[in-house]
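Here is a short note for someone opening this structure for the first time. The points follow below.

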Amino acid sequence: MFEINKVGWLEKDIPEIGPLDALMRPVAVAVCSSDTHMSHGGSGPAFNVILGHEAIGEVVRVGELVKNFKPGDICVVPCCTPDWGERDLQMRDSNNAHGGGMMRSFKFLTQKDGVFAEFFSVNNADSNLVLKPDNVSIDDALMTTDMMSTGFYGAEQANIQIGDTVVVFGIGPVGLMAIAGARSLGAGKIIAIGTRPNCAELAREYGANHIVSYKEGDVVEQITAIAGGKVDSAIIAGGNASTMLQALSIVKSNGVVSNINYFDASETFTIPTFMWGLGMSDISIKGGFCPGGGYRIERLLNMISNDRVHPGKLLNYKYEGFEKIPDAFKAMDEKPRDLIKSGVYINWD
Ligand code: NDP
Ligand code: ZN
């Protein structure tokens, strides 16, 4: 990304690494809607930044204090790589994504260059990298780095109890993983909102019982009719500022509105007080960021190894070769109706 709305190849030096870090080269990368959103200025201006934050990488070199990894290892690279020395990571029940400050674990894109490069660096390699298990495919492993961690977090944050009725706004890759997460946590009925036909099909496969179109009639009325009233929680993984109000108006008292959507910096919520029980509804509004680090990813890989879920099905636009990264980016940016997620496989031999 040279500047807002201008992407292309950029020549840069190979990143320096510190004693705890690893230098990697990508063997598979995927494009996230956060990459395209950022390229259009969704987080404000940025200049000469290498995009990309979802990767499987091969270790090229490690710093002198790295104990667990060596050159040649094929690793899953979480999109969020906390600084494990930060004291606020010790906060009880805290999301490690915010150690050192809000979203500080999201190094790629915001604090250093991303993974759409011949080389990239990973901080705190021993705590952040995970060896790719042999019985987990590249596609499944790649989708743990962001989509599965984020989508599942949307479900965890919603405090889903066995038998709950849960609404998921959005059936893009993040929403699809929120659906899979909600099912894993024991949701009874899952109602998903979206229109793209192949996403709807995968939504059903991952656990949605009903699909509602936000393009055909009032979403709140449709959900109320299906649920027979209000729902226990709503996960927001798509939509716009008005989606927040829809979610608030369909969640029961004591329920949770669990947002994992990336709202545009230009958007504003104005919440009518009655919608939130004049402040007394006990409805929590939570906004969550993708948890990172190796331990988180290891647990997600454990679900894949044991055949609980296969997030690799999200990848339906696949490219071969480093030079195809701009094609994969363009696909994610232009979003043909059948696209779910684009990825690139790189063989350096
Ligand atoms: P997509 O664009 O692929 O999916 C968005 C979904 O929202 C689609 O299913 C779309 O429907 C649906 N949608 C659009 N408008 C509405 C509406 N008005 N009401 C209800 N649903 C609507 O996005 P992704 O799945 O890739 O990502 C979702 C969000 O998550 C993005 O904002 C992304 O930046 C963010 N994200 C957040 C992370 C975090 O840590 N919190 C990490 C990664 C991503 P349709 O089927 O019609 O297209
Ligand atoms: Zn992302």
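1. Start at Ile179. Beyond its neighbours within four places in sequence, Ile179 is in contact (heavy atoms within 4.5 Å) with Val168, Ile171, Ile190, Ala192, Ala203, Tyr206, Gly207 and Ala208.

2. This is a predicted model: local features need pLDDT of at least 70, side-chain atom pairs count only at pLDDT 80 or more, and totals for chains, interfaces and linings use all residues. Residues are numbered from 1 along each chain as its sequence is written, and side-chain values use heavy atoms, with hydrogens and water left out.

3. The largest nonpolar core has 48 residues. Such a core is a set of buried Ala, Val, Leu, Ile, Met, Phe, Trp, Tyr and Cys residues joined through side-chain atoms within 4.5 Å; buried means under 20% relative accessible area (1.4 Å probe, protein chains only). Leu176, Ile179, Tyr206, Ile235 and Leu314 have the most contacts inside this core. Its largest share, seven residues, comes from α5.

4. This core draws at least three residues from each of domain 1 (22–148 + 290–345) and domain 2 (151–287). The bounds come from an automatic or database domain assignment.

5. Apart from this core lies another, of 41 residues, including Ala22, Met38, Val122 and Phe289.

6. Now take β1. Helices (H or I, at least four residues) and strands (E, at least two) are DSSP runs, numbered from the N terminus. Eight of the nine residues of β1 are buried. β1 pairs antiparallel with β2 (residues 54–62) over eight bridges; pairing needs at least two DSSP bridges. Leu23 stands opposite Arg61 in β2.

Conventions
Chains are lettered from A and ligands numbered from 1 in the order in which they are written. Buried means under 20% relative accessible area, exposed over 50%, partly exposed in between (1.4 Å probe, protein chains only).
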